[in-house]
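Hello,

Here is the structure I promised to pass on to you.

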Amino acid sequence: VDPKDPKLVTVAKIPRMEATTRDGRKNLVIPNVLGMTFDKQGNLYIAASGLPGQDPAKPLGFILRVDANKLNPSNPGDATVWATGVPGANGIAFDKNGNLYASTFAAGIIYMVPPTGGEAKVFLQRPGTPNGIAFDVNNIMYVVSTRNASIWRIQLNADGTLKNVAEY
């Protein structure tokens, strides 16, 4: 690859989804995709914060998944909905137990999705705007909150539930 002339390749396709506008019209749109991460098996997960033109009173959000064996530039695989109920999802990361956590720019919420996917549950809600999320080697979660220019340090119990939060 020539660094002066990089070539972009498509390794997966994001699905078009139906969005209902405030006035009730339906459109097929591509979700607003933001953060992404891989699990231990090499599957790709993508935070889809919502749909362009969606009714703001009924916000949607998804986590999309592309199987590792479908990340192929010569035959791009389709991303599918793996989790729902994460409006405003942007940063995503897995803990050591395979739970996925999603930071959101909406209402200071962090969601948790179990390793099997499905409906997300509110893990933590506090003042701020969580926009990025990562885990250290000790399974401690760190979240950047852009509204108050701080970092949250979140300790988890063995089952993935909240143990302690500190803000720096």
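Let me start with Lys 163, which counts as exposed because its relative accessibility is 56%. For the classes used here, buried means under 20% relative accessible area, exposed means over 50%, and partly exposed is in between (1.4 Å probe, protein chains only). Lys 163 sits in strand β17, residues 162-167; strands (E, at least two residues) and helices (H or I, at least four) are DSSP runs, numbered from the N terminus. Leaving aside residues up to four places away in sequence, Lys 163 touches Gln 155, Leu 156 and Asn 157, where contact means heavy atoms within 4.5 Å.

Before going further, a word on the source: this is a predicted model, in which local features need pLDDT of at least 70 and side-chain atom pairs count only at pLDDT 80 or more, while totals for chains, interfaces and linings use all residues. Residues are numbered from 1 along each chain as its sequence is written, and side-chain values use heavy atoms, with hydrogens and water left out.

Now to the salt bridges, of which the structure holds six. The criterion is a side-chain nitrogen of Lys or Arg within 4 Å of a carboxyl oxygen of Asp or Glu. One of them joins Lys 13 to Asp 78, with the closest N and O atoms 3.6 Å apart. Lys 13 belongs to strand β1 (residues 12-13) and Asp 78 to strand β7 (residues 77-78), so this pair ties together parts that are 65 residues apart in sequence. Both partners are partly exposed: Lys 13 has a relative accessible area of 41%, and Asp 78 has 47%.

Another salt bridge links Arg 25 with Asp 23, and here the closest N and O atoms are 3.0 Å apart. Arg 25 is partly exposed at 49% relative accessible area, whereas Asp 23 is exposed at 55%. Asp 67 and Arg 65 also meet through their side chains in a salt bridge, 2.8 Å from N to O. Asp 67 is partly exposed at 29% relative accessibility, as is Arg 65 at 23%.

Tyr 142 is found in strand β15, residues 141-145.

Best wishes
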